[in-house]
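Here is a short briefing to read beside the model. Keep the sequence and the 3D view open as you go.

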Amino acid sequence: MSDGAALEIAGLRASIEGKEILKGLDIRVPQGEVHALMGPNGSGKSTLAYTVMGHPRYQVTAGSIAFDGDDLLPLTPDARARLGLFLCFQYPTAIPGVTLVNFLRAMLRAQGKELPAREFLNRLSAEMKALKIEESFRSRYINDGFSGGEKKRSEILQLAMLRPKLAILDETDSGLDVDALRTVADGVMQLAGPDMGVLVITHYPRILDHLRPDAVHVMHDGQVVLSGGADLAQRIEKDGYEPILGAGDRAPALAGS
Amino acid sequence: MAIQAKDLTKDYKYGFHDEDISVFRTKKGLSPEVVAAISQHKGEPEWMLKFRLKALDHFRKRPMPNWGADLSGIDFDNIYYYVKPVEEQSTSWDDVPESIKRTFDRLGIPEAERKFLAGVSAQYDSEVVYHNIRGDLEKLGVLFSDCDTGLREHEDIFRKYFGTIIPPNDNKFAALNSSVWSGGSFVYVPAGVKVDIPLQAYFRINSDNMGQFERTLIIAEEGSSVHYIEGCTAPNYSTDSLHSAVVELIAHKGAKIRYTTIQNWSDNVYNLVTKRAVAHEGATVEWIDGNLGSKVTMKYPSVYLMGERAHAEVMSAAFAGSGQHQDAGSKAIHVAPNTTSNIVSRSISKGSGRTSYRGHIKVLSKAHGSKVNVRCDALLLDEESRSDTYPYMDIDNPDVTVGHEATVSKVGEDQIFYLTSRGIDEQEATALIVNGFFEPFVKELPMEYAVELNRLLAMSMEGAIG
């Protein structure tokens with residue numbers, strides 16, 4: 001709802017181990033809006049998430065990524081996070097021996113958002129309750145032996161504690177049952193608003209019933225090929241990707257949005 | 001946070017050096033005269049002098065061990081074997097000389113004691129200068145003193161056990177220690193007494209070219225229990241120092257001894273220590289052994305399981321930075337039936353640092369029904385860092401359960417990315433992973449040691465990222 005785009009990506013090309021995945025991608029997510037990025041498997045959605053966050057394995061060969069007017073490309077992942085960017089991982093990595101509570105404390109401190117001990121614990125308890133996470137969970141080692149659902153809740157818990165400016169959710173809905181999906185989506189919607197925008201990356205439109213996006217983008221073969229309103233997601237739910245993308249590999253002409 | 005860590009690591013944290021106020025020291029090098037001078041200075045009985053001279057003889061005949069770390073840098077002729085810093089051993093804090101107090105203040109001893117320590121026996125060079133034991137322990141009949149006092153005041157108990165677990169001819173460095181030993185702790189816990197607060201001692205080397213050869217003897221009578229904690233720090237000198245201790249533990253029927261060590265010798269010290277325990281029927285011995293410092297460490301805490309159902313627990317952690325070699329491990333000798341041992345080792349190598357796990361499990365023919373579990377995990381932080389495993393197993397009984405697992409891993413790119421994606425910088429992310437790797441060890445430590453260890457690790461990690 002503010003003036004400039006919070007996240008602005010133009011002409012982005014990125015490759016992994018010499019193989020180009022993103023082939024001139026453009027997308028704008030204005031501050032405080034909820035956008036969905038959809039597309040069939042292998043279209044490059046997760047690559048985009050990793051590239052925006054600055055994973056060292058993905059190499060940007062052309063184009064630009066700006067966040068709140070800052071050029072992200074020269075920045076390390078931690079510097080990008082400190083600007084207010086958050087990636088909710090599809091497959092978060094286990095860090096044995098490091099408890100979730102210590103991890104949360106470390107990230108808040110790193111971002112200059114440290115709270116007094118008592119306040120921190122109170123807020124943590126409240127956020128965990130909202131996400132239906134058991135109290136004992138905070139003493140477990142990060143993602144070590146977590147079920148798929150527990151991993152996703154832990155990611156959203158981190159999101160809730162950090163309150164970034166933009167959250168990128170990478171297939172957060174995958175592997176969740178209906179109830180867990182609702183809990184997680186409600187958690188995100190509590191946070192989304194003028195202060196936090198969301199870019200939801202998903203294969204299935206289901207999560208969008210809860211998240212009610214302001215805009216939907218469809219990705220295919222490393223590019224955004226179509227952008228529209230929430231109705232676009234409904235079309236995909238009804239008809240699948242094929243009528244939109246065309247039968248062949250070639251991207252169809254851009255529809256107006 | 002990062003800036004603070006940087007300031008702390010500018011110099012080796014404990015590398016301060018107080019003015020040398022020694023009142024008596026032997027001349028450099030080793031000879032029967034030097035050994036006799038030590039014994040005479042201490043006013044020891046004849047049998048101890050003979051013991052020392054016999055050990056010296058063995059030390060001279062015994063070749064240097066060539067199966068482990070590189071020890072070629074040790075110059076035995078360039079070491080003071082005995083330095084006594086003050087005339088009398090102090091029993092109250094007021095009597096301790098100011099410069100020694102300053103050293104202790106920096107180590108935090110009086111503070112620590114004020115809190116909850118049972119007794120503090122601090123070794124400053126070769127003599128224990130300050131030692132205090134809480135009254136209630138004395139009432140229970142617990143003896144806790146330096147080893148010299150143990151010999152002087154409780155010669156009967158002392159002589160019965162001294163050198164029985166690790167005889168002077170066990171190895172070259174046990175022989176060296178046996179000939180010139182000084183200080184260390186003597187602990188005796190009477191039957192049925194459970195010491196519920198840890199007994200702690202700090203050891204320091206403070207004289208250039210000063211060898212430290214402390215000797216520790218702990219006896220836990222039937223059904224008793226005790227936890228002894230030894231922490232080591234040494235100032236940072238330019239020439240090599242030698243630390244060669246001998247530690248003997250005796251756990252009688254049903255007794256329990258836990259021995260916790262965190263050694264953080266400065267990186268010029270050769271740390272060559274022999275630690276061995278016997279566990280009688282139903283007894284438990286636990287070695288909690290952390291190795292962060294030194295140039296070279298060779299240390300393999302061992303347990304001889306002599307009585308049925310005796311149990312050995314060895315949990316060790318080693319960190320080798322550039323130029324360091326931690327050659328550590330453990331031995332469990334199952335002599336009696338239904339004995340159990342559990343050995344867990346974690347090691348981290350950084351830069352050109354090298355860790356070796358060297359373990360020996362022996363199950364004798366009568367030890368049926370015994371269970372052995374060995375697990376060692378190594379973490380490499382750089383391309384050039386190195387880790388080796390040398391597990392030896394001799395199993396002479398078919399009715400034994402043996403588990404052995406070893407892993408070597410690297411800090412993963414995805415782990416670093418995950419942590420940094422939350423705003424944590426790469427250096428702190430690596431420190432978190434390292435601390436997490438040591439967590440199974442750290443959670444065995446009392447709180448203040450756990451905090452200290454994590455801080456030391458964070459400092460060791462400084463500059464780990466190229």
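Helices and strands here are DSSP runs, numbered from the N terminus. With that in hand, note that just after H4 of chain A, A:Lys132 takes a positive phi of about 55°. This is a predicted model. The points below start with that helix and then turn to chain B.

**Helix H4 of chain A**

- Helix H4 of chain A covers residues 117–130, which is 14 residues.
- At 1.5 Å a residue it should span 20 Å, and its end C-alpha atoms are 20 Å apart, so the two agree.
- Three residues of H4(A) are named as buried: A:Leu124, A:Glu127 and A:Met128.
- Seen down the axis of H4(A), the buried residues fall within an arc of 100°, so they line one face of the helix.
- An α-helix has 3.6 residues a turn, so residues three or four places apart point the same way.
- What do the buried residues of H4(A) pack against? They pack against helix H3 (100–110) and helix H5 (148–162) of chain A.
- The other side of H4(A) has exposed residues: A:Arg118, A:Glu119, A:Asn122, A:Ala126 and A:Lys129.

**Where chains A and B touch**

- Chain A gives 24 residues to the contact, and chain B gives 21.
- On the chain B side, helix H10 (413–420) and helix H11 (426–442) each supply at least two residues.
- By class, that side of chain B has eight nonpolar, seven polar and six charged residues.

**Chain B as a whole**

- Chain B contains 12 helices and 23 strands.
- Of its 466 residues, 52% are buried.
- Take the contacts in chain B with a separation of 6 or more: residues 24 or more positions apart account for 83% of them.

- Strand E20 of chain B runs over residues 354–363.
- E20(B) is mostly covered, with eight of its 10 residues buried.
- In which sense does E20(B) pair with strand E18 (residues 325–334) of chain B? The pairing is parallel, over 10 bridges.
- One bridge of E20(B) joins B:Ile361 to B:Ala332.
- E20(B) also pairs with strand E22 (residues 386–395) of chain B, in the parallel sense and over 10 bridges.
- There, B:Tyr357 has B:Thr389 of E22(B) as its bridge partner.

- B:Val344 sits in strand E19 (residues 340–349) of chain B.
- Why is B:Val344 called partly exposed? It has 18 other C-beta atoms within 10 Å, while a buried residue needs 20 or more and an exposed one has 12 or fewer.
- B:Val344 and B:Val314 are 30 residues apart in sequence, yet their C-alpha atoms are 6.2 Å apart in space.
- Leaving aside residues up to four places away in sequence, B:Val344 touches B:Met315, B:Arg375 and B:Pro440.

Methods: Residues numbered from 1 in each chain as written. Chains lettered and ligands numbered in written order. Predicted model: local features only at pLDDT ≥ 70, side-chain atom pairs only at ≥ 80, totals over all residues. Helix = DSSP H or I, 4+ residues; strand = E, 2+ residues; numbered from the N terminus. Expected span 1.5 Å × (residues − 1). Arc of directions from axis to C-beta. Contact = placed C-beta atoms within 7 Å. Nonpolar A, V, L, I, M, F, W, Y, C, P; charged D, E, K, R; others polar. Pairing = 2+ DSSP bridges.
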